[in-house]
Amino acid sequence: MMSEQEEVWIREAQTGSKRSFSRLVEAYQRPVYNLTYRMLGSPEEAEDAAQETFLRAYARLEQYDVNHKFSTWLFSIANHHCIDRLRKRRAKYVSIDDNPVLENLEHDSPQPEEDLLNQELAAELQALLGKLDPDYRTPLVLRYWEDCSYEEIAESMGLTVSAVKSRLFRARKQIADLYANQAATTPPLSGKREPVAVGRRETVPQGPLLFWRASFAT
Amino acid sequence: MEAKKFIQGSGGRHRPTPEQEEEFMLLMSLSLDNLADAGEAAQFEDYLTRYPTFVTQWQGWQRLHQQFAAIPHAEPPVGFVDRFEVRLIQQERRRRLWLGVLIGSVTFLLWASVVVGVFSMGTYLFTNQGSWLSALVQNLTYSWVNLMQWVSTGWETFVIFAGTPQAQAIGVGYLLMSVVLLGGWLTVLRRSLHLQELPSPATVA
C-alpha cells in the first residue's frame with residue numbers, strides 16, 4: 001500500500017499543491033514511463049504519454065479514491081491514454097527493424113558482449129510485445145514489470161479477474177506464436193550481431209528466440 | 001520446423017484435442033504466475049504426463065517467462081520531472097485562460113440577451129401595440145388633468161367663500177367658542193388636580 005508520506009502528498013496535491021504533486025511524479029515516473037514505453041515502443045512518445053498521464057491525473061485528482069492504490073489509478077489512466085494513441089496510429093506499422101529500441105542499440109560505443117546480448121534480446125521481446133494487441137500488452141507489462149496482482153490488473157484495466165486470466169494467457173499464447181513464426185521466417189542474425197548471439201549460446205542462459213536461431217544455424 | 005516444435009511441442013503418440021491444448025495453455029499461464037489452485041495443478045500435471053508434446057511447450061513458455069521477467073524497467077529520461085513541471089504550469093495557464101474566456105463569454109451573452117430582450121420588447125410594443133399604448137398615455141394624461149382641475153377649482157371656491165362677511169363671522173364665532181371651551185376645560189382640570197393634592201380627613205384626624 002501507499003506510504004504515509006505519499007498519502008500526505010496526495011492530500012496536499014488535492015488541495016492544489018503542485019510541489020506535492022511533483023513529488024508524486026518523482027515517485028511514480030519509473031513505473032508509468034515503463035508502461036507507456038512498453039505500450040508505445042518509442043522513448044519520445046513514451047515520455048510524452050507518461051507526462052500526459054500525470055497531467056490528466058493532476059486534473060482529475062479529486063476523483064481519486066484513497067482506498068485504492070495510487071499506482072493502479074495511474075496505470076489505468078496511462079493504459080487508456082496509450083490505447084487511444086495506438087488507435088490513432090493504427091495505420092502505421094513499426095517493423096522490428098524500425099523499432100526505436102533496436103535503433104538505439106546501433107551505436108558505435110563498445111559494450112560488453114553480455115550487455116549487448118541482453119539488450120538485443122530485450123529489444124526483440126519489446127518488438128514482439130509491440131505486435132500484440134494493446135489489450136493484451138497491458139496485462140503482460142503490469143504483470144512482469146510492475147508485479148501487479150490479477151486484481152490490480154483488473155482494476156487498472158476495468159476488467160474482471162477472470163478476464164485478466166484469460167487475457168494474460170492469450171497474450172502469452174500470442175507471444176509464443178509470434179516467436180515461433182518469427183523464428184521460422186527470419187534468417188539468423190547477420191552482421192555484427194550474429195557472432196554475439198551464436199558465440200554466447202553455450203554460456204548465456206538462452207531465450208527461446210536465440211534457441212531457435214541457434215537451431216537454424218546448426 | 002524446429003522452432004515451431006519448440007513452442008508448440010512435438011513428439012508423443014497421442015495428440016491432444018484443440019480444447020485440451022487451450023485448457024493446457026490457460027493452466028500454463030496460471031502456473032507461471034503461481035496462481036493455479038490444487039485442482040488446476042493436478043490437471044496440469046496430468047496433461048504433462050499424458051502428452052509429451054506439452055512438456056516441450058511448457059519448457060518454451062517457462063523460458064519465455066524468464067526472459068520477460070529478466071528485462072529491466074525502462075528508465076525515464078533525465079529531467080522528466082522538470083519537463084513535467086513546465087508542462088503543468090503551461091496547462092494551468094491554458095486552463096485559466098479558457099476559464100476566463102468562458103466566464104467572459106457567458107457574461108457577454110447574458111448582457112447581450114438582456115439588451116436585445118429589452119430592445120425587442122420596446123420595438124414590439126411600439127410597432128404592434130401602438131394604439132393600445134397611445135390610448136393608455138391619453139387616459140393617464142386625462143386623469144392627471146382632471147385631478148389638477150378638481151384641486152384648483154376646490155381651492156378657488158374655498159378662497160371665494162372665505163372672503164364673504166358671513167364666513168368670516170362664522171369663523172370668528174368658532175374661534176371664540178373654542179377659546180371659551182378650552183378655558184372652561186382648563187379650569188375644571190386645575191380644580192380636580194388641587195383636590196387630589198389635599199390631605200384626606202382621616203389623615204387630618
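Contact here means heavy atoms within 4.5 Å, and the legends below describe a predicted model.

**View 1. Chain B meets chain A.** Let us start with the interface as a whole. On one side are 39 residues of chain B, in contact with 51 residues of chain A. Between them, chain B and chain A bury an area of about 4,400 Å², and carbon and sulfur atoms give 68% of that area. Polar features join in as well: the interface has 19 residue pairs in polar contact, both partners being at pLDDT 80 or more.

View 2. Which elements of chain B give two or more residues to the side that touches chain A? They are helix H1 (2–8), helix H2 (18–32), helix H4 (52–70) and helix H5 (80–128). H5(B) gives the most, with 9 residues.

**View 3. Salt bridges between the chains.** Side chains of opposite charge can pair when their charged atoms come close. Over all chains the structure holds 17 salt bridges, and 7 are found across the interface of chain B and chain A. Have a look at B:Glu75 and A:Arg30, whose side chains meet in a salt bridge at 2.6 Å, N to O. B:Glu75 sits in the loop between H4 and H5 of chain B, while A:Arg30 belongs to helix H2 (residues 18–40) of chain A, so this pair joins two chains. Another salt bridge links A:Glu52 with B:Arg87, where the closest N and O atoms are 3.0 Å apart.

**View 4. H2(B) packed with H4(B).** Here the focus moves to a helix pair within chain B. The axes of H2(B) and H4(B) lie 11 Å apart, and the helices pack at an angle of about 35°. Their crossing is right-handed. H2(B) contributes residues including B:Phe24, B:Met25, B:Met28 and B:Leu32 to the contact, and among those from H4(B) are B:Phe54, B:Trp58, B:Trp61 and B:His65. In this contact, the residues divide into 7 nonpolar, 6 polar and 1 charged.

Note on methods: Residues are numbered from 1 along each chain as its sequence is written. Chains are lettered from A and ligands numbered from 1 in the order in which they are written. This is a predicted model: local features need pLDDT of at least 70, side-chain atom pairs count only at pLDDT 80 or more; totals for chains, interfaces and linings use all residues. Side-chain values use heavy atoms; hydrogens and water are left out. Buried area is the accessible area (1.4 Å probe) that two parts lose on being put together, summed over both. A salt bridge is a side-chain nitrogen of Lys or Arg within 4 Å of a carboxyl oxygen of Asp or Glu. A polar contact is a pair of N or O atoms within 3.5 Å; within protein, one must be able to donate a hydrogen and the other to accept it, and residues adjacent in sequence count only if both atoms are side-chain atoms. Helices (H or I, at least four residues) and strands (E, at least two) are DSSP runs, numbered from the N terminus. Axes are lines fitted to C-alpha atoms, for helices over the stretch in contact, and angles run from 0 to 180 degrees between N-to-C directions. A crossing is left-handed if the near helix is turned anticlockwise from the far one by less than a right angle, and right-handed if clockwise. Ala, Val, Leu, Ile, Met, Phe, Trp, Tyr, Cys and Pro count as nonpolar, Asp, Glu, Lys and Arg as charged, and the others, Gly among them, as polar.
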